[in-house]
Amino acid sequence: MSGKSRLHFIAGKGGVGRTTIAAALAQALAQAAHPSRPRVLVVEMDEATTRAVGEHPALAATLGRGEALPPEPVRISAHLDAARLCSMTGHEAFLKGHLPGGTLIAAALRSKAVRRFLESGPSFHELGQIAHLAHLAHSGHYAHIVVDLPATGHALGLARLPESMRRIISAGPVARALDQCTLTLRDPRRTTAWIVALPELLPVSETLELVEALEREGLPPPRVLLNRWPADPFSDDEALREAAAAFFDAHGPVGGSVAFGRLREAIEARARLPAARIAATLPHLTGRETRALVDALATSLVGVTL
Amino acid sequence: MSGLLQSVLARRAIVCAGAGGVGKTTVSASLALAAARAGRRVLVVTVDPSRRLAETLGVARHAEQPVPLSAERLAALGVPSTGSLSAWMLDASVVSDQTVRAFARTPDEAERLLTHPLYLGITRLAAGMHEYTAIEAMHRFVHEDRYDLVVLDTPPARNALRFLEAPERARAFLDPRILEVFTPKEGGLARRIAEGVAERVLDATLGEQTRRALQAFLGLFTPLLRQLDGNQLAMSAFLRSPQIGFVLVTSPQRGAVDEADALEARLRSVLGVPLLGRVLNQVMSAPSPLPDAAVSDSLRLRTALTTLAQTERDEAATHATLAERFARPGAHTAVLPRLPHAASQLEALDALVEALARA
């Protein structure tokens, strides 16, 4: 990954709105794109095991496409492309870049044994996707690439992958590519790790653990996006909030008590995170269609992306 | 007792599936507790690395074995003396080690594998290991008959089908045809050419040293993999047997319900696995109105409280619409309430078990 695209990895537990945020962030970056190299790419990762039964096109659906994204980038809007990271595309690109001579490459790609090994060997699927990402980052077409990661455990595994694989693979082109990958991941000018979290107590504690774990892996300090921040009719007026707390203590579960409890938890949860780690709090917007939701979140994110 | 609970009690294993963040872990724990209260010996297994289940049931993380709840704790949870409840937060590497010990031909062979430098790397790196080990553990516990019911909380994968395909995925890696190409042996011309291509590709990309180490390791691993292969066939059959019931859990957000619908359709059509139940979790009910007299002292406070109450009413209305769409024939349906903010874990479990019984 020694190309010139800046990489944005979007991590977070399931159900926190990660894919929506990935689409919104990409849109925000596209709106602020530099005129000379204006394009932004947003990608999702496929899961090997789902290929047999059809993709669940989460990012595709968020971007308003009815079908799964192809490995080759497709145009979404004037400055935005989208694609699906595909391990086979990555393996092929890597082999073409590193094997001597066309005959061996052709034989390797024809060989069922080689293909099956690449598809199902330990972590080879993930390595293929990383190779595909590196290939796209090298292409020179994109100023930014936003990667919608799978669930949290996976994000940490992926961050650790280059180094873990390096312990197994001692030399050769793959070893050199893995070293390059580690350098890119640790370079704050090339990589931003974003963690999407809900403003609730347990999720925020888990987010803090992920922040620390990613920093231990040597990644640049991750930036947390607190999503679905509840409506706050108190505008941070603490005295007024205390009055409301007294009211609900006196009257028990009446209208508004659940919403109030959620707001209090959000404030308490936010206080657990170091302020410098919080990149933005994004409002809880209910009842909107996906497109409108992405547009609204992109507007909130324009100032945050720089 | 509700239809859902009755059906759950008639099975040996329940798999709770669904997207992340929908309260799957809590629903799994509630189903397990409900069965334990009905006098069953129950184990609940989670592969979610979160601390939620541990905190809910008061058990340790990273345990080598399931942890039974103490008699006092069971009594506090309302479990009769005939019933029991154990919990296990599954650690993929622990189960992987256990699998090697169980399937190696001799303790010596197991030890050589477990201490091999590549073993550590490969087992922790192998994709789908978590899913595979979860099914392996569930299969083993049901087979050993230590529990009447095993409730499995699946990993928060975007596509829960990944989980059901774990045995086949592991088989793809363990396919003897792959191993034969990468392990040295005699063979005809075609085989030697295939080996030649594979070796040259691996030497050119991974380096000769790594290729040799990989070959030696796979040679060591092959007998074990052949044993596992038979085991995986058994597990695939087990996943589709009537001993298992699938419960789909979702939260009342439009996207989550759409995803659950898609998952249900694919469970039926592709895998031929019927759904036992659908659970719509965290549903808000319409709030009771504000008492007027109490808020007359401050206009700003009244405005703020009215806004909060309106937020809640809007949300409850959305949830009611989704609940209607959710309740359709084909599986038992349960709508569970969003629990009050202040509820303790015990109160929360109690409330959910109650709601499950009524559903």
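**View 1. Helix 15 of chain B has the length you'd expect.** Its 28 residues (299–326) should span 40 Å at 1.5 Å a residue, and the end C-alpha atoms sit 41 Å apart, which agrees. That expected span is 1.5 Å times one less than the number of residues. Helices here are DSSP runs of H or I with at least four residues, strands are runs of E with at least two, and both are numbered from the N terminus. A quick note before going on: this is a predicted model, where local features need pLDDT of at least 70 and side-chain atom pairs count only at pLDDT 80 or more, while totals for chains, interfaces and linings use all residues. Residues are numbered from 1 along each chain as its sequence is written, chains are lettered from A and ligands numbered from 1 in the order written, and side-chain values use heavy atoms, leaving out hydrogens and water.

**View 2. Here is what covers helix 15 of chain B****.** Its buried residues include Leu301(B), Leu305(B), Leu308(B), Glu312(B), Glu315(B), His319(B), Leu322(B) and Phe326(B). Buried means under 20% relative accessible area, exposed means over 50%, and partly exposed is in between (1.4 Å probe, protein chains only). An α-helix has 3.6 residues a turn, so residues three or four places apart point the same way. The cover comes from both chains: it includes helix 10 (238–251) and helix 11 (257–272) of chain A, plus strand 6 (244–250), helix 14 (254–269), strand 7 (275–283) and strand 8 (332–337) of chain B. At the start of the helix, a side-chain oxygen of Ser298(B) gets to within 3.4 Å of the backbone nitrogen of Arg300(B).

**View 3. Strands 6 and 7 of chain B run parallel****.** Five bridges join the two, and Leu248(B) stands opposite Arg278(B) of strand 7. Two strands count as paired if DSSP finds at least two bridges between them. Zoom out and you get an open sheet of eight strands in chain B, in the order 3-4-2-5-1-6-7-8 with mixed pairing. Its edge strands, strand 3 (67–68) and strand 8, each pair on one side only.

**View 4. Strand 5 of chain A is covered on both faces****.** Five of the five residues in this strand (144–148) are buried. His144(A), Val146(A) and Asp148(A) lie on one side, with Ile145(A) and Val147(A) on the other. Five bridges link strand 5 to strand 1 (6–11), running parallel, and another five link it to strand 2 (40–45), also parallel. Val146(A) has His8(A) opposite it and is also the bridge partner of Val42(A).

View 5. Leaving aside neighbours within four places in sequence, Val43(A) is in contact (heavy atoms within 4.5 Å) with residues including Leu59(A), Leu85(A), Leu136(A) and Ile145(A).

**View 6. His132(A) is tucked away in helix 6 of chain A****.** The helix covers residues 124–138, and His132(A) counts as buried because its relative accessible area is 2%. Leaving aside neighbours within four places in sequence, it touches Pro71(A), Arg84(A), Leu85(A), Cys86(A), Thr89(A) and Gly90(A).

**View 7. Helix 1 of chain A is largely enclosed by the rest of the structure****.** That's because 13 of its 14 residues are buried. The helix (18–31) reaches 20 Å from its first C-alpha to its last, close to the 20 Å expected.

Definitions and conventions
Polar contact = N/O pair within 3.5 Å; in protein donor to acceptor, adjacent residues only side chain to side chain.
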